[in-house]
Amino acid sequence: MNVEEAIMRRRSIRHYADRPVGRALLERVMKAGIWAPTGSNRQPWVFIAVTEPDTLHQIRVVSPGMLWDAKALICVCSDQRKAGTFPMGPTLALFDCGMAAQNMMLVAVELGLGSCVMRSTNMAALREILEIPDHLQPELSIMLGYSDDPSPTAPRRDEGVIYWERFGKEEGTRDGSDCKRTKPAPPFG
Amino acid sequence: MDQTAKEQNLPRLLDDGLFDLIGYLLTSARGLLDEPVEYGPFRLVEGVSRLCGLMRGSSSRHWELLGRLKLAIDNSKFTMMTNAEVFKGLLDNAVLEFTRSMKGGGDTDPSLK
């Protein structure tokens, strides 16, 4: 599978088959996170993999965004001790964690795993359950498992997204069908 | 623990399920202060689905209605993110079905009455 195929195949899988996810696969997923781009090469992240069913269930209880128990979960934390030494540091760390999460989810696709990124968790409760120290900030969690979710991919908007050379001049992609001239962009405000 | 609940000796599955539901509702309430407004109806209807599941598992006399409600909710709840009109229709229909059932004295499985 090439990267583009993985990107197109990935979608948010929320319901998982009753089949555990092996540690070796989770290691490959997290290794992909380590190789994400990172501002100023700070690598301001920590990944906590959870596979114990009781712990996963406790996380679900305090996570309104987790509708079913996952078979595994990776909590992506920013490490404020590595990130916070310059004003933009915490913001960059947030982007870095997002890019690491996307890397992980794409490799998950290649490994045949479904995933869903989740922010709707009570972070204080998550911190308590996973015994996360103060210098780490849980930013998001990636639920993982073998897909048992038949729901279709959510549609994507392409209108008003891609422009060429200057905003509003030429819109769309150049593969023919959706390349078109647009009206002048409305004024701001 | 409240003495009444102790005496009634809630079945373990229901007790655990309700305990989990408290966690869901509490963390939803806190989370919704920071989340998109559309998440509010979604969290509520998800809570209804979970409650229907718990009551069905505990042989509620409203078993049949609860099953229909849960199925309808679970089949369409994600339209909240893709089609607001369908989501609204789901809620309208669910409210109507619930009200008709209530008005008729409860749509119940005769064997559980």
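## A quick tour of chains A and B

Chain A is split by its domain assignment into domain 1 (3-145) and domain 2 (154-184), with bounds that come from an automatic or database domain assignment. The C-alpha centres of these two domains of chain A lie 32 Å apart. Keep in mind that this is a predicted model: local features need pLDDT of at least 70, side-chain atom pairs count only at pLDDT 80 or more, and totals for chains, interfaces and linings use all residues. Residues are numbered from 1 along each chain as its sequence is written, while chains are lettered from A and ligands numbered from 1 in the order in which they are written.

- The largest nonpolar core has 44 residues; a nonpolar core is a set of buried Ala, Val, Leu, Ile, Met, Phe, Trp, Tyr and Cys residues joined through C-beta atoms within 7 Å.
- Several elements of chain A each supply at least two residues of this core, including α2 (23-34), β2 (72-79) and β4 (136-145). Here helices (H or I, at least four residues) and strands (E, at least two) are DSSP runs, numbered from the N terminus.
- Helix α5(A) gives the most to this core, with 10 residues.
- A:Leu73 is among the residues with the most contacts inside the core. Leaving out residues up to four places away in sequence, A:Leu73 touches A:Val50, A:Leu56, A:Ile59, A:Ser141, A:Ile142, A:Met143 and A:Leu144; two residues are in contact if their C-beta atoms, placed from the backbone, lie within 7 Å.
- In soluble globular proteins, nonpolar side chains tend to be buried together.

**A closer look inside chain A**

- A:Leu106 sits in helix α5 of chain A. A:Leu106 is buried because 20 other C-beta atoms lie within 10 Å; the cut-offs are 20 or more for buried, 12 or fewer for exposed, and partly exposed in between, with C-beta atoms placed from the backbone.
- A:Leu106 touches A:Val3, A:Ala6, A:Ile7 and A:Arg10, not counting residues up to four places away in sequence.
- A:Leu106 and A:Arg9 are 97 residues apart along the chain, yet their C-alpha atoms are separated by 8.9 Å.
- Strand β3(A) has 4 of its 5 residues buried, so it is largely enclosed by the rest of the structure.
- β3(A) pairs with β4(A) in the antiparallel sense over 5 bridges; strands pair if DSSP finds at least two bridges between them.
- A:Met118 stands opposite A:Ser141 in β4(A).

**Chain B**

- Chain B has 6 helices and 0 strands.
- Of the 113 residues in chain B, 13% are buried.
- Among contacts in chain B between residues at least 6 apart in sequence, 58% join residues at least 24 apart.
- Helix α6 (residues 84-103) of chain B has 20 residues and reaches 28 Å from its first C-alpha to its last, close to the 28 Å expected. That expected span is 1.5 Å times one less than the number of residues.
- α6(B) is hardly covered, with 2 buried residues among its 20.
- After α6(B) comes B:Gly105, with a positive phi near 90°.

**Where the chains meet**

- The contact takes 13 residues from chain B and 11 residues from chain A.
- On the side of chain B that touches chain A, the largest share, 7 residues, comes from α2(B).
- That side of chain B divides into 3 nonpolar, 5 polar and 5 charged residues. Ala, Val, Leu, Ile, Met, Phe, Trp, Tyr, Cys and Pro count as nonpolar, Asp, Glu, Lys and Arg as charged, and the others, Gly among them, as polar.
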